[in-house]
Amino acid sequence: MHPAHPADSRIAAGIIALAAITILIGGAFLGLILEGARDTSGAIAAFDSYLFRVARFTLWQALLSTALSIIPAIFVARALSRHPAFPGRGLILRLFAVPLALPAIVVALGVLALYGRAGYFSGLFSSLSGGDWPGIYGLSGILVAHVFFNLPLATRLFLEALNTVPADQWRLASQLGMGARSSFRLIEWPALRASLPGIAGLVFMLCITSFTIVLTLGGGPRATTLEVAIYQSLRFDFDPARAVALTLLQIALTMAVVFALMRLGANTTGDANLSVTQRRYISAGHGETAFNAITLIAALAFVAGPMLATVLAGLDADLFRLAGESTVRRATITSLVLATLSACLSAMLALSLIMARRALALQRGTGEKSFLERMTDTGAGFVLVVPPIVIGAGWFVLLRHTGDVFAVAPIMVVTVNAVMAMPFAIRAIRPAYDAASERHERLCAQLGISGWNRLKLVDWPVLRRPLSTAFAFAMALSLGDLGVIALFGSDSVQTLPYLLLARMGSYRTADAAGLALMLGLLCLVLMLVADRLGKDASR
Amino acid sequence: MRTLLFSLVSTLAVAAALPALAAEKLTVYTYESFTAEWGPGPQVEKAFEAECGCDVEFVSVADGVALLNRVKLEGASTKADVVLGLDTNLTAEAKATGLFSPSGIDLASIKVPGGWTDDTFVPFDYGYFAVVYDTEKLKNPPKSLKELVDGDPSEKIAIQDPRTSTPGLGLLLWVKAVYGDKAPEAWAKLKNRVLTVTPGWSEAYGLFTKGEAPMVLSYTTSPAYHMIAESTDKYQAAAFEEGHYLQVEVAGITSTGAKNPLAKKFMEFMTGPGFQDAIPETNWMFPAGKTDKPLNPAFDKLVKPAKTLQISAEDVAANRKAWVDEWLGVMSK
């Protein structure tokens, strides 16, 4: 056996993952295209001046939201990384995963509870502005909500990248007496920069597909995204040709931005040596510590504010009655089962793609990237800009004549959520996997360790923590998701967020607030469990 | 993990096996809030199953629009015997699909404002759109649509998007019915009073009850919920001089249902007390047929529209797109 061959099974795993994703997305498009081919007039008519305005606004708000989430996140992640052991750090990290699990309307109401016309701060803002506070409706409202969602996410992902900096480098920096500025420039920035395009791309994709936030906080149809137009074309007009055309436009816009972002990044050459240092040697000076403390407190206040408002609203609800209701308990179990399955599938997909990408990159050496490598790299991430309603509707059209479509609903929810969470899982796992591969690749080749043995003996100990992070993130995302079941009929899958919206839709706002609190707590518990599971591995 | 997987798989298996056990079955497609545990669905199902000795299966989708799309997509092979929950803005489009059969039932017990003559669709409830306001925040609520349009722009209203929501379309038609060709000018003024345009009713109503806006577009029956379930008079509907726009919710028998005798039986049952008694305090709409019990006195306190406004289903179907585009043109300036 040739020593370079161990990589093959990894590439095969990646190809299988890509094929599964292609079937899911391609099938949906096929369904819609077959249905829409009969009448394409709607698709052509869609491209008018109004659509141009919508596309421009969509891009603009997404770019601004991304910049406002990413730039502060770099500093917050760095502050967290420079102070690995202050009290409450773990709690902050866990809290930062909660926004992902909250349905958009809950976040919108939480943000408004602070900055709205009737918000806690409206008195203060009114006296400052010398008039009645008009609330943050408009672009500012959209941005605040998007940053609330994405700053914590980006922070955690950047931190994951910083964690891959070998301890030896820190020791060296400390021995050389590097200050905060030079260690940022020489040690942290290269690691951050390598992951910057990926993380920024991810946040951009989340913002460009925003729907409820944009409509509710945007103040009127001036603030409309392409996602709204896609939703309208499927929900109100049922015009599949138009939906497909708009989705393709959305993908094209995203691709343009993501490729531009990639130019910001750089490929780092990782450290090929095994790390010998156990402890990190970081000593932040007084000035730096103060700056980091302010950064952290500001970020925490920004993120915790709307969450606190959500908790306060939730405490008004009759929580004991809610928790006792069999519907609520059933929905909780359904949510947990579906989210667990999605997260497993998601982590598997992500790991397969990461391994394949790494193996392909090693085989390639310094040559041009192949199509396959590009697909396992950024390509697969574009699933995020395919609206779930498009996937749901497409598969519904395909499956409608094949017996019981309702039975397919749970499978649909699991797979779509898994694929939608996959890009997040990739961002969480990849820095650790690539860094570990840099160190272990030659050793494995020399010792002839490959396949399952390698995964178990070499990769698992290093990947355990990022994998559990990825798993928890994927689970949180799936917990909060609502998108897919719209057309399938939801009787078979009643999840917690579904129940929440249903209560809201029938005047029971207090119940809905209580359910939001329960959903948030559930997510927090998940993060706790994930941390526990990840920690056991740390030597 | 393995037990979770197992329970999911077995749930699926049971779900797939169930229909085979039932002998006589009626499938009704409806919207989600109808089948929710606090909706009319559970009561209606129990009452009709007792009467017919059959099995009723409700299948629910998001709302009336999704319902029509669902039936259109399934075409003649649809499993639905009865489709329940379309409103009069959708009936023309639904009829045009050719998927619905004449109901063939006696409409004598049906009472909706303006009367009912359609032979395909049968109403099961109705309601009026209204501006609901917070009495503690708004001392002088508008007394007409005109006052709403011309009023103080600092007193805001939360409305819904006609592209994604039924009440949103309702307000659009209401303004059209009152202002006709002058509707764009009216919207240009009303725009300044609009706090925000939400994708659905829930978001707008949530903003309203959170105190973000003192007014919201909803139904004349909304205050009944707050009076009965929360014992508060805080939220009231404003009576408008020009009249209120009517929404009638209907059900129809599909071509599949025409072959199932239970479908017609269900439609007859729907117009009687076994169904109608459940409507007021679960669907929060007015019953369109015979009831046994008198309505809760709270319903007597609700706004009684001086005039009923309605645009015919055919006109709505023909103009909806143009009118929504017109609205969009004004509102997104």
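Predicted model: local features only at pLDDT ≥ 70, side-chain atom pairs only at ≥ 80, totals over all residues.
Residues are numbered from 1 along each chain as its sequence is written, chains are lettered from A and ligands numbered from 1 in the order in which they are written, and side-chain values use heavy atoms, with hydrogens and water left out.

**Chain A, fold**

I looked up the secondary structure of chain A and found 22 helices and zero strands, taken as DSSP runs (H or I, at least four residues, for helices; E, at least two, for strands). The radius of gyration of chain A, taken over C-alpha atoms, is 23 Å, close to the 24 Å of the globule rule for 539 residues, so chain A is as compact as a globular protein of that length; the rule is 2.2 Å times the number of residues to the power 0.38. I also noted that the C-alpha trace of chain A spans about 60 × 60 × 50 Å along its principal axes.

**Chain A, burial**

I found that 59% of the 539 residues of chain A count as buried, meaning under 20% relative accessible area with a 1.4 Å probe, protein chains only.

**Chain B, domains**

I read that the domain assignment, which is automatic or from a database, gives domain 1 of chain B as 25-126 + 248-301 and domain 2 as 127-246 + 304-332. Their contact (heavy atoms within 4.5 Å) takes 18 residues from domain 1 of chain B and 22 residues from domain 2 of chain B.

Conventions
Buried < 20%, exposed > 50% of the residue type's maximum accessible area, 1.4 Å probe, protein only.
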